[in-house]
Amino acid sequence: MNNGRERWASGLGFILAAVGSAVGLGNIWRFSYVTGENGGAVFLLIYILCIFLIGLPVLLAEFSIGRKGQADVVQSFSATTPSKVWKIGGILGVFTSFLILSFYGVIAGWISYFLYSYITGTAGAVPEGEFGDFFGEFISGDIAPVFWQFLFMAFVIAIVFFGVKKGIELSNKIFMPLLAIIIIVLSGYSLTLDGAGEGLSFLFSPDWSVLKDPNVYSSAIGQAFFTLSLGMGIMITYSSYLPTESRLPRAAGQVVVLDTLFAVIAGVMIFPAVFTFGLDPAGGPGLIFITLPEVFNQMGTGGTMFAILFFFLVAIAALSSAISLLEVSVSYLMRKMNWERKKATLVAGVVVTLVGIPSALSQGGSLSEYTLFNLPFLDLIDTITDQYTLPLAGLIIALFVGWGWNKVDALKETGLTNSIVGTIWIWFLRIVAPSGILWILVINIRNLF
């Protein structure tokens, strides 16, 4: 069944696009500061376990729903089962991807500004110890953060505008190899720094006392969902452009392995530099906007080039992920409103950009005094999606494929009929993944109150 639906030009194009969605700010910006805040090596170990025990089964479930449905995320649930109750999983995916993109574009705008500032020499001229003021002055403005958010989103809209083959697939065939080359080069350079041993020890030598903190597990599962783009409708939407003969288990495994490698290599790139100059690895969200720029400016002549490559790397990663986030809404509007791609892209892109303005103005700008649950708007949207809607959508997907979808049909769709792997996968979706996700949701709800 195709019904005129767009297709990937090749299986490689799909893998690169899926990896491009997964490898974004979650792997470089978010993974680094979350790892730093949660003790380094132990968090990394728990994170990898979550990736393979929960993330991989749910990712394969999303692939199977999308390819079976051959439609947007909401319609794919309807096409897979006659029961309408499961559509909530698709609706939640569209809602979550829309919310994430609204603030994702803001943060990507910050990255674009830092890249521009290093290219023009502005950032390189910031005196030692004053990057906190430099960053704070930028995000507290009412014009600059919005301008850079709009500029970044214009690139995202332009790429999605040209469709699956000529826009999304072509861009990722360029971005992903380039991203891999840059991150490997920068990691190699980091390993030559004096703090390389200490940085690697922080990343790979566990402090088991961290296991006592339940928030470490919550952060690990949240990071796994965020980095694999689970619960956002992205992987369902992307897999709906696949032909029926595609091998889903192999594709899911490749995406998980490549995404995890990118995250670990990003840690190898960042933490040696942090420890070389005696800075705090638990620098929080400001790690790449305050801590690392201080490092770059202390590196001397090579620091500026390192900084340019680094922020170019992060900008590319952010762009590839933002493209996938926008595609979820575009695909939905094309089917729901019977619009052509160009109209759906412009409408969805403009609306999500406008919705992102409060996030852009909430970090010191004119809306920073308005909070809910003591959180500025950007932090509120991040918390809602990371701690609640993402795991909830993942829970629905796991339960749907594990219990709601006919087992024979689910195994047939993935090519795992009469396979021990298929049986294990089904029971992971029925018991292991839902149990882990429910536990984390309970912890998050308890922390809220």
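**Reading pockets, cavities and helix packing**

Q: Which residues lie nearest the centre of the largest pocket, and how many line it?
A: Asp 379, Asp 382, Thr 383, Asp 386 and Gln 387 lie nearest the centre of the largest pocket, which is lined by 36 residues. A pocket is an open set of points on a 1 Å grid over the protein atoms alone, with protein on both sides within 12 Å along at least five of seven lines, and lining residues have an atom within 4 Å of a point. This is a predicted model, where local features need pLDDT of at least 70 and side-chain atom pairs pLDDT 80 or more, while totals for chains, interfaces and linings use all residues. Residues are numbered from 1 along each chain as its sequence is written, and side-chain values use heavy atoms, without hydrogens and water.

Q: How much space lies in the largest pocket, and which helix gives the most to its lining?
A: The largest pocket holds about 800 Å³ of space, a volume being what probe spheres set on the points fill. H17 (377-404) gives the most to that lining, with 10 residues. At least two lining residues also come from each of H2, H5, H6 (131-139), H10 and H19 (420-448). Helices are DSSP runs (H or I, at least four residues), numbered from the N terminus.

Q: How does the lining of the largest pocket divide by class?
A: The lining of the largest pocket has 19 nonpolar, 12 polar and 5 charged residues. Here Ala, Val, Leu, Ile, Met, Phe, Trp, Tyr, Cys and Pro are nonpolar, Asp, Glu, Lys and Arg are charged, and the others, Gly among them, are polar.

Q: How many cavities does a search of the whole structure find?
A: In a cavity, a 1.4 Å probe fits but cannot get out. The search finds 1 cavity of 30 Å³ or more, and about 80 Å³ of space lies in the largest cavity. Its lining numbers 14 residues, with Ser 21, Tyr 104, Phe 226, Ser 229 and Ser 321 nearest the centre. H1 (11-22), H2 (25-37), H5 (87-120), H10 (214-227) and H14 (301-336) each give at least two residues to the lining of the largest cavity. By class, that lining has 8 nonpolar, 6 polar and no charged residues.

Q: At what angle do the axes of H5 and H14 cross?
A: Axes are lines fitted to C-alpha atoms, for helices over the stretch in contact, and angles run from 0 to 180 degrees between N-to-C directions. The axes of H5 and H14 cross at roughly 155° and come within 8 Å. H5 is therefore roughly antiparallel to H14, the word for angles over 145 degrees. The residues of the contact of H5 with H14 comprise 24 nonpolar, 5 polar and no charged.

Q: At what angle do H14 and H15 pack, and which residues meet?
A: H14 and H15 (residues 341-355) pack at about 125°, with axes 9 Å apart. Contact means heavy atoms within 4.5 Å. On the H14 side are Leu 326, Glu 327, Ser 329, Val 330, Leu 333 and Met 334, which meet Arg 341, Ala 344, Thr 345, Ala 348 and Gly 349 of H15. The residues of this contact divide into 6 nonpolar, 3 polar and 2 charged.

Q: Which residues of H1 meet H12?
A: H1 and H12 (residues 248-276) pack at about 40°, their axes 9 Å apart, and are therefore oblique to each other. Phe 14, Ile 15, Ala 18, Val 19 and Ala 22 in H1 meet residues of H12 including Val 255, Leu 258 and Phe 262. The contact of H1 with H12 has 9 nonpolar, 1 polar and 1 charged residues.

Note on methods: Angles under 35 degrees count as roughly parallel, over 145 as roughly antiparallel, 65 to 115 as roughly perpendicular and the rest as oblique.
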